[in-house]
Amino acid sequence: MSDRTPSQQAALDRSALLEQRVHSEPHRFRVLSGDRPTGPLHVGHYFGTLANRVRLQNIGVEVIVLIADYQVLTDQRTGRDLPATVRGIVADYVAAGLDPTRSTIFTHSAVPALNELVLPFLSLVSDAELHRNPTVKAETDATGRPPTGLMLTYPVHQAADILFCRANLVPVGFDQLPHIETTRVIARRFNERYTERPLFPEPAPLLTRTPMLMGLDGHKMSKTRGNGIALGATEDETAAMIRRAPTDSDRQVTYDPARRPGIANLIELLCTVTGDEPRQLADQIGHRGAGHLKQELTGALNKLLRPLRRRRMELLTDPGYLDRVLNAGNAHARRLADETLAEVHDALGMTYPNR
Ligand code: TRP
């Protein structure tokens, strides 16, 4: 988070400009964003994308959120108990403030026409391009196995996720930038090759101020690693996870991401909640030490999440409501995907009876 590469910094700068345009003309933007239901959403999702989606919805941007259930298959270690995970994620979304009467929440598996777009899109990327994607490489390495075809083509599926509804804005963290680049390439090539007037927009990534939160073990916060604090965790569970987070033996709290990553990560998390600046916060805590830092973080996070967690519990007592939210979102997504696929068929010259 603190040591950005020049290209990451450039992406952040572009996002800041884009942010201004979104504010002045919210109705020109359609956001598509998604999560893989490999486990419960955690605070990294909340700060990284979820809070951002809610904010965009509330300034009048159209927001469509995908629960990418097919993409769970890219990592076969996970994805057990999908029904509970998916309903839990719908509850997380609604509890965080996504309003199902304004925003769309749907699952991959409910929208055949979206998945069908993967076929023509696959023809627009080369094998070498697929092998070069750094995020796919990192995810493959994490599984310890050679990549499946689904893993290798992950960015193409993600392009279908984004382009099926012709979204032009995708709020993401740094790790997703290569996928958005592939999406842009596919949109551009499709338009150049098959249409006179562009059918697909080239969607822009929108980075948040805290795009990449570390997990409490210093690795990227991930559902698979179980190193993030679940949004639905209890206050005691939250306290326990923070207590176990690795620090070091230096008594004084200082902000030094390179030499003291554990402490720096806790400071960054706390700053994300409070809006403070890391160095100042470290100075304030100073000699009171890591234990105090952890107490402050626990208190701040639990306080922030308390209303969300209460609402989440209520929602989970009414699975019928959560299913109605999904059914309505799925129906809307199917309409959008059918429209796009029909135009794709036309562009490809498949104009004989095929629907
Ligand atoms: N790849 C994203 C992740 O791992 C999830 C995702 C799937 C997504 N499809 C998407 C994100 C489309 C943004 C847009 O978190």
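Which residues are around the ligand? Select Leu32, Gly34, Arg36, Leu66, Ala68, Gln71, Tyr154, Gln158, Asp161, Ile162, Val170 and Gln176; a residue is near the molecule if one of its heavy atoms lies within 4 Å of it.

Before going on: this is a predicted model, where local features need pLDDT of at least 70 and side-chain atom pairs pLDDT 80 or more, while totals for chains, interfaces and linings use all residues. Residues are numbered from 1 along each chain as its sequence is written, and side-chain values use heavy atoms, with hydrogens and water left out.

Now show the side chain of Tyr154: one of its N or O atoms is 2.7 Å from a ligand nitrogen. Gln158 puts a side-chain N or O atom 2.9 Å from a nitrogen of the ligand, and for Gln176 the value is also 2.9 Å. (A polar contact is a pair of N or O atoms within 3.5 Å.) Taken alone, the ligand exposes 360 Å², and the protein buries 90% of that (Shrake-Rupley areas, 1.4 Å probe).

Next, colour β1 (30-35) and α9 (154-163), the elements that give two or more residues to the shell; helices are DSSP runs of at least four residues (H or I), strands of at least two (E). The largest share, four residues, comes from α9.

Finally, zoom out and select domain 1 (6-214 + 319-348) and domain 2 (235-316), with bounds from an automatic or database assignment. Their C-alpha centres lie 30 Å apart. Where they meet, 16 residues of domain 1 are in contact with 12 of domain 2 (heavy atoms within 4.5 Å).

Note on methods:
Polar contact = N/O pair within 3.5 Å; in protein donor to acceptor, adjacent residues only side chain to side chain.
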